[in-house]
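Subject: Structure handover, aromatic rings

Hello,

Please find the structure below, for you to take over from here. My notes on its aromatic rings follow it.

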Amino acid sequence: MNNRSKEKEELTDKRRFSYRMNVFFFASFIIFSVIIVRLAYLQFVEGPELSQEEASNITKDVPLAPVRGTIYDATGEVKLAYSKPIQSLYLTLYKNYGDVNGEPSPYIAEIQDMATRLHDVFEQYKKKESPSLSVDEIIEEMDLNSRKANGFMPRLIKSDLSDEEVAYFLQHKDEFKGIQIVEESVRYYDPDTVAVQTIGYLKKFKSSKTLDKYKEIDAKNKTQTDPGLVYTENEFVGFDGLELQYQDILRGKSGYNSVDVDLRNLPEGVAGSTPPEKGYDLITTINKNIQVKTEQAITDQLRWLHTNLVSGKYHQNAKTGFAVAMEVDTGKVVAMASMPDYDTNIWRTGSITNQQYDDIKYIYQNGTIRGFPPDDSGKRAESVVLLGSTIKPLSVLIGFKEGFFTANTVYPDKGYTTFGGDNRRVQNAGGHVYGPLRPRDAIRHSSNPFMIDEIGKKLYDRYGAKGIDVWDEYMKQFGLGVSTGVDLPNEYLGRREYTNKTESSLTRLVYGSFGQQGKYTTMQLAQYVTMLANRGKRMEPHLVSEIRDSEGNVVEKIKPKVLDKVDFDSSYWDEVQRGMATEVSSFSGFPYDFARKTGTSTQLVGGKNVDNGVFIAYAPRNNPKLAVAVVIPEGGFGSTSAAPIARAIFDAYDEEYGLDGVPKKDKTENADTQQ
C-alpha cells in the first residue's frame, strides 16, 4: 500500500471517530437535559404534592385521659374516693388560626364566630351551678398560637357538660368543625368527709409541678416512648395523701388516638385509637364507721372543753385534735383523724378560690403525721406536742435496761427533786407527794422526781454528755424522731429538742426523762404505744391492705411488716405494763382490762405556758388488739381532754371487730332479728 492510500485510510478513521464522539456528546446532552427537566418538574411541580403525601405519613399520638382507680374503706364496699364519668367538649384545629409572621390569621374571623356561637350555647344550656365562659375565655382555651399544646392536640374547651349541651352539640356537630364530645372522669369523695387529709386530693398536672415527682414526670414526657405513660397538662394527679402516695397505681395508663399530621402540625385524620387502661383500686385499712366515730368524738370533745370548767378553767384555745388507732399485730391503721376537717370535693375542678383556701389553710394538712401550727400568729400550739408523762413507760424501760434499778427498788418520792449546781427544782403535778414508789408505781402516779433521779441523772452520771446520744438511740428504737414508715407522703420526723445544745446535757436528760424534750407526731406516738403492747416489735403502719384490678382480682396483698425489734427482758415489760394503770374516769364501765398512760405536756405558746392533753392506751392488756394515741393541743390534762376520745375509738373498734375477736354489732343485729 502506497503512502497516499494510508493517509486516505487514516483520514477516514478520524472522521468516524469524530462522528462517534459527536453522537456520544449529543446523547449525553439529551440524557442530562431530560434528567434536569425531570428534577425541575419534581421540585417545582410535583414537590408540594409529594411533601404533602410525606407529611401525611407522620403519625402523632394524642393522649386520652386515664380512668383513675377507686379508694375503698376496709370493708371493700364503701367508696372513699371514686371517679364518675362526665362529658367534655374538645376542639381540634384543622386550620392555622394563629398569628402568621406577626399578622392575624386570615381565618381569625371564622374562629371568633365559632367562639361566639359556643358561648351562646353554653349560656343557654349550662348547668345552674356551672360558671359562665366568656367569648375571650373560650378563645383563650382554644390556644390558637399553640402555646400550651401542639397544633394537632385537641383543646379542652369545657368540662362537665349538661345533658342539654351534649345533645345540642351531637345534633349540630357539622356546624362546629373540629368539636368532639369526650367522656372523661371527675373525682368525688365520700360526702361524710371520711379521713379526708389521709385520702388526699387531686390537682391538675400543670399546677402540680412544685412536687419533685411531677417535675421528673414532666421532664420524661418529652422522651417518653410509651404513650400510655404521657401526662397531659390538664390531667388530674394526686397531690397529697394516698392519692399522691399511690399515684402510679391509681392512675392506670392513658389511651391515645394515632393522628396523621401535616407539615403545619395540623391533623388530617385519625389512623387508630387505643382506649385508656383503668387504674388499680385500693382497699384501705380505714374502717369508715370507726373513722367517723373518731372524728365525731374529737369534735364533741373540743366543744366540751370550750364550754366546761376543767381544773377551774375553760380551754377555749383547744382548736384541734388528732388520733391514730393501729392494730397491734398487723400495723393496720383503722382510724386516723385530724380535726377539724373539710370537704375534699372543693378540689373537684383541680383548684380552689382564695376564699376557699383561707377557710381550710390551717386544717387541710394531715396533723397526725405533719408538724405545723394551726395558724400563722404563733399564738396556738403546734400539731406536734411534747409527750409529757406518756414517755414514762419508756423511761422506766431504759432504767431497767441500763440496770439503774430493779422491779423491787423503792424510791422515796417527796413531791420534788433538784438538779444541777443551782439546785433547780422540779415537782410533781400539783406538788403531790407519793412516798415510797416502785418503778411500776412511778408510772402509775406519774412521778417526775423518780424519772429525774433514777433515769435522767443516772444517764448523765454514767455517760456524761454522751448520755444525750444514748437517750437519742433509745428514742429512735421506739420510733420517736424517725420515720414510722407509714405509706403517706411528707411525714414529719418530729423535733428532738434534747439535741439543742443551748442547754446543758444534764438539763436535757433531766427534762427528757419526764417528757419535756421531744415533740412527736400522733402517728409516731401510736407506733410507740404499739411497741409497748407487742413488747418491742416496731410495726410498720400501713393504710392500704390490698391492691385490686378493675375486675376485683387481688394484685397485691400488703402483709404486716416488722421494721425492727428491741430486745428487753420480759420482766421489764411485765413491770411497765403493770404500771400503765392510771385512773381514767372516762373508761368507767369499760369491759376490758387495758393498759394506759395519761400525759400533760407543758410548753410555751404565744409567750405563756399551756398544757397539752396526751393519751396512749392498748387493749386488752394481756392480749392486745388495738393501740390508740390521742393528742389535744392546749386541751389541758390528758385524762380529761384526750382519754374520752380514746374510749370512743375502743368502743367503735369493739363494735366492728371485737377487742376479744367477736364483733359486737353482730350480736346486736342477731338480737334485733330475734325480736
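The charged end of K203 is placed over the ring of F239, at 4.3 Å from the ring centre. This comes from a predicted model, as does everything else in this note.

On ring pairs, the structure holds 29 aromatic pairs. One of them joins Y82 and Y188: the ring centres are 6.1 Å apart and the planes are at 20°, so this pair is stacked, the cut-off for stacking being under 30 degrees. Y82 belongs to strand 3 (residues 79–91) and Y188 to strand 5 (residues 179–189), so the pair ties together parts of the structure that are 106 residues apart in sequence. Y82 counts as buried because its relative accessibility is 18%, and buried means under 20%.

F478 and Y528 pair in another way: their ring centres are 6.3 Å apart and their planes are at 75°, so the pair is edge-to-face, a term that applies over 60 degrees. This pair also links distant parts of the chain. F478 is in the loop between helix 14 (467–477) and helix 15 (505–513), while Y528 is in helix 16 (residues 522–534), 50 residues apart. Both F478 and Y528 are buried.

Finally, there is a cluster linked by ring pairs, made up of F587, F590, Y592, F594, F615 and F650.

Regards

Note on methods:
Residues numbered from 1 in each chain as written. Predicted model: local features only at pLDDT ≥ 70, side-chain atom pairs only at ≥ 80, totals over all residues. Heavy atoms only, no water. Phe/Tyr/Trp six-rings, centres within 6.5 Å; stacked < 30°, edge-to-face > 60°. Helix = DSSP H or I, 4+ residues; strand = E, 2+ residues; numbered from the N terminus. Buried < 20%, exposed > 50% of the residue type's maximum accessible area, 1.4 Å probe, protein only. Lys NZ or Arg CZ within 6 Å of the ring centre and 35° of its normal.
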